[in-house]
Amino acid sequence: MHEMSAPHDSRPSDRELVDAVLERQDELAFRALYRRHTPRLFVLVARLLARGESEAEDVVQEAWVHAFKNLGRFQWNSSFSTWLFGIALNRVRDRVRTYGRSRETAMEVVPEVAAATERHETRIDLERAMARLPDDLRMVFVLHDVEGMKHREISQTLDIPEGTSKTHLLSARKRLRAMMSGEGAET
């Protein structure tokens with residue numbers, strides 16, 4: 001008997017789709033996985049990289065290529081999305097290590113948009129401020145405060161001590177508050 005799920009959710013599970021890809025090389029199943037996970041994956045990668053859409057798209061594609069090649073090794077010790085996000089995070093870290101980041105590109109992340117409300121303007125300001133954080137602080141901030149990961153998970157994912165994760169989060173929040181209040185600084 002199948003697990004009970006919401007009556008409106010008749011979509012195949014990630015596991016069913018992965019099995020279809022592995023067993024029958026089912027392209028439609030792969031496309032369904034891609035459509036299901038890419039929007040959130042793209043947002044995460046774009047925030048972590050803070051370099052603009054085209055580089056985020058490249059990293060997302062690299063993550064999918066790696067995931068597809070290693071699909072048969074996925075053990076289901078975590079959800080498919082957690083595994084995929086881990087792959088993308090590793091691609092982001094590789095990209096940051098290899099190419100570094102300039103402050104000029106950080107400002108291109110959020111396009112200039114006429115804000116309809118103050119809340120929208122604040123969100124754009126926050127996105128810009130996040131993009132200006134140093135890579136290590138931004139990654140911890142996004143993973144903790146945006147994605148909801150615990151410090152233990154961040155520590156394992158980024159291969160840093162748990163205390164460093166906590167320190168980076170506090171530093172990121174302090175810098176963001178300063179930038180958002182206009183007090184300054186990208187120090």
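This note sets out numbered points on the fold, the aromatic residues and the helix contacts of a predicted model.

1. Overall composition. The protein is helical in its assigned secondary structure, with nine helices and zero strands. Read from the N terminus, the order of elements is α-α-α-α-α-α-α-α-α. The chain has 187 residues, of which 39% count as buried. Among contacts in the protein with a separation of 6 or more, 62% are between residues 24 or more positions apart.

2. Aromatic cluster. The count of aromatic pairs in the model comes to eight. One aromatic cluster is formed by Phe30, Tyr34, Trp64, Phe68, Phe74, Trp76, Phe80 and Trp83. Two of its members, Phe80 and Trp83, are taken up in the next point.

3. The pair Phe80 and Trp83. A pair of aromatic rings is described by the distance of the centres and the angle of the planes. For Phe80 and Trp83 the centres are 5.7 Å apart and the planes make an angle of 50 degrees, and the pair is classed as tilted. Both residues belong to helix H4 (residues 80-99); because they are three residues apart there, about one helical turn separates them. Phe80 has a relative accessibility of 1% and therefore counts as buried. Trp83 is also buried, at a relative accessible area of 19%; the cut-off for this class is under 20%.

4. His66 in helix H3. His66 is located in helix H3 (residues 53-69). Its relative accessible area of 32% makes His66 partly exposed. Which residues does His66 contact, leaving aside its neighbours within four places in sequence? They are Ile87 and Arg91.

5. Packing of H7 and H8. Helix H7 (residues 135-146) packs with helix H8 (residues 151-158) at an angle of about 135 degrees, and the two axes are 10 Å apart. H7 and H8 are therefore oblique to each other. The crossing in which H7 passes H8 is right-handed. On the H7 side the contact is made by Met139, Val140, Leu143 and His144, and on the H8 side by His151, Ile154 and Leu158. Sorted by class, this contact of H7 with H8 holds five nonpolar and two polar residues, with no charged residues.

6. Packing of H8 and H9. H8 also packs with helix H9 (residues 162-181), here at an angle of about 105 degrees and with axes 8 Å apart. H8 is therefore roughly perpendicular to H9. The H8 residues His151, Arg152, Ile154 and Ser155 meet Glu162, Ser165, Lys166 and Leu169 of H9. By class, the contact of H8 with H9 comprises two nonpolar, three polar and three charged residues.

7. Gly163 in helix H9. Gly163 lies in helix H9. With a relative accessible area of 42%, Gly163 is partly exposed. The C-alpha atoms of Gly163 and Arg152 are separated by 9.3 Å, the two residues being eleven apart along the chain.

Note on methods:
Residues numbered from 1 in each chain as written. Predicted model: local features only at pLDDT ≥ 70, side-chain atom pairs only at ≥ 80, totals over all residues. Heavy atoms only, no water. Axes fitted to C-alpha atoms, helices over the stretch in contact; angles between N-to-C directions. Helix = DSSP H or I, 4+ residues; strand = E, 2+ residues; numbered from the N terminus. Parallel < 35°, antiparallel > 145°, perpendicular 65-115°, else oblique. Left-handed = near helix turned anticlockwise from the far one by under 90°. Contact = heavy atoms within 4.5 Å. Nonpolar A, V, L, I, M, F, W, Y, C, P; charged D, E, K, R; others polar. Phe/Tyr/Trp six-rings, centres within 6.5 Å; stacked < 30°, edge-to-face > 60°. Buried < 20%, exposed > 50% of the residue type's maximum accessible area, 1.4 Å probe, protein only.
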